[in-house]
Amino acid sequence: MLTETLIAFFDRDLNNLKTEILSYTDENDLWLTSHDISNSAGNLSLHIVGNLNHFVGAVIGKTGYIRQRDLEFSQKHVPREELIKQIDDTFEMLTSVISNLTVEQLDSEYPKQVFGKPMRTEYFLIHLCTHLTYHLGQINYHRRLLIND
C-alpha cells in the first residue's frame, strides 16, 4: 500500500537529513550563509520539520501543531541535538498519521488548496516527499560548498 511506501521514503530521507546534520564538524556551520546561498542547513532543516508537521500533522492528523513559518527561516543556532530531536519527533508523527490513512482518505481531496486548485491527499503526500528530498539535496550541497573539512 502507498502508506508503507511513503513511510519508507520519509524514514530514509529524514535519516539522511540527520546524517547530513551530523556531518558538519562544527555545529555553527549549520547556520552559515553566503551571498549566493541564503538559506542555511539549519534553517532548511527547521523548514522541513515545520512543513511536514503542518501539512501532515496539523491538517491531516489534527495534532494541533501551530506553524511559525517565518521562524523556520529566521531562527538561528538551534542546538544540533534539538534539530535531531525535532526530526525524530516528526518521523514519529508521520508514521502515526500516515499508517492510519485509508485508501478512501488517500483518494479524497486534500483539505487545503495549497497550489490554488484541489488535489488528492495521495498526490500531496508524494509532493511532500519530493519537497523533503529537494531540500535534503540543498543541505548536502550547502555542506560541501561552504565547509572545508
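Val 114, Phe 115 and Tyr 123 form a nonpolar patch on the surface of this predicted model, with about 290 Å² of accessible area together. Patches are built from residues with over 30% relative accessible area and no salt bridge, like charges being joined within 9 Å and nonpolar side chains (Val, Leu, Ile, Met, Phe, Trp, Tyr) within 5 Å, while accessible areas come from the Shrake-Rupley method with a 1.4 Å probe, for which, in the case of residues, only the protein chains shown count as cover. The model is predicted, and local features need pLDDT of at least 70, side-chain atom pairs count only at pLDDT 80 or more, and totals for chains, interfaces and linings use all residues. Residues are numbered from 1 along each chain as its sequence is written, and side-chain values use heavy atoms, with hydrogens and water left out.

**Phe 115 and the aromatic rings**

- Phe 115 is found in the loop between α5 (103-107) and α6, where helices (H or I, at least four residues) and strands (E, at least two) are DSSP runs numbered from the N terminus.
- With a relative accessible area of 43%, Phe 115 is partly exposed, on a scale where buried means under 20% relative accessible area, exposed over 50%, and partly exposed in between (1.4 Å probe, protein chains only).
- The structure holds three aromatic pairs, a pair being counted when the ring centres of Phe, Tyr or Trp (its six-membered ring) lie within 6.5 Å, with planes under 30 degrees apart called stacked, over 60 edge-to-face and the rest tilted.
- One of these pairs joins Phe 55 and Phe 124 in an edge-to-face arrangement, at 5.2 Å centre to centre and with 85° between the planes.
- Phe 55 belongs to helix α2 (residues 41-58) and Phe 124 to helix α6 (residues 121-146), so this pair ties together parts that are 69 residues apart in sequence.
- Phe 55 counts as buried at 12% relative accessibility, and Phe 124 is likewise buried, with a relative accessible area of 1%.
- The rings of Phe 115 and Phe 124 have centres 5.8 Å apart and planes at 70°, so they too make an edge-to-face pair.
- Through ring pairs, Phe 55, Tyr 110, Phe 115 and Phe 124 are linked into a cluster.
- Elsewhere, the charged end of Arg 144 sits over the ring of Tyr 141, 4.7 Å from its centre; the criterion is that NZ of Lys or CZ of Arg lies within 6 Å of the ring centre and within 35 degrees of the ring normal.

**Salt bridges**

- The count comes to seven salt bridges, each defined by a side-chain nitrogen of Lys or Arg within 4 Å of a carboxyl oxygen of Asp or Glu.
- Arg 67 forms a salt bridge with Glu 72, the closest N and O atoms being 2.7 Å apart; Arg 67 is buried, with a relative accessible area of 19%, and Glu 72 is buried as well, at 4%.
- The side chains of Asp 13 and Arg 12 also meet in a salt bridge (2.8 Å, N to O), in which Asp 13 is buried, with a relative accessible area of 3%, whereas Arg 12 counts as partly exposed at 42%.
- Arg 120 and Glu 122 meet through their side chains in a salt bridge of 1.9 Å, N to O, and both residues are partly exposed, Arg 120 at 37% relative accessibility and Glu 122 at 24%.
- Asp 107, Arg 120 and Glu 122 are linked in a network of salt bridges.

**Overall fold and core**

- The secondary structure comes to six helices and zero strands, which read along the sequence as the pattern α-α-α-α-α-α.
- The radius of gyration (over C-alpha atoms) is 16 Å, close to the 15 Å that the globule rule gives for 149 residues, so the protein is as compact as a globular protein of that length; the rule is 2.2 Å times the number of residues to the power 0.38.
- Along the principal axes, the C-alpha atoms fill a box of roughly 50 × 30 × 25 Å, and buried residues make up 43% of the 149 residues.
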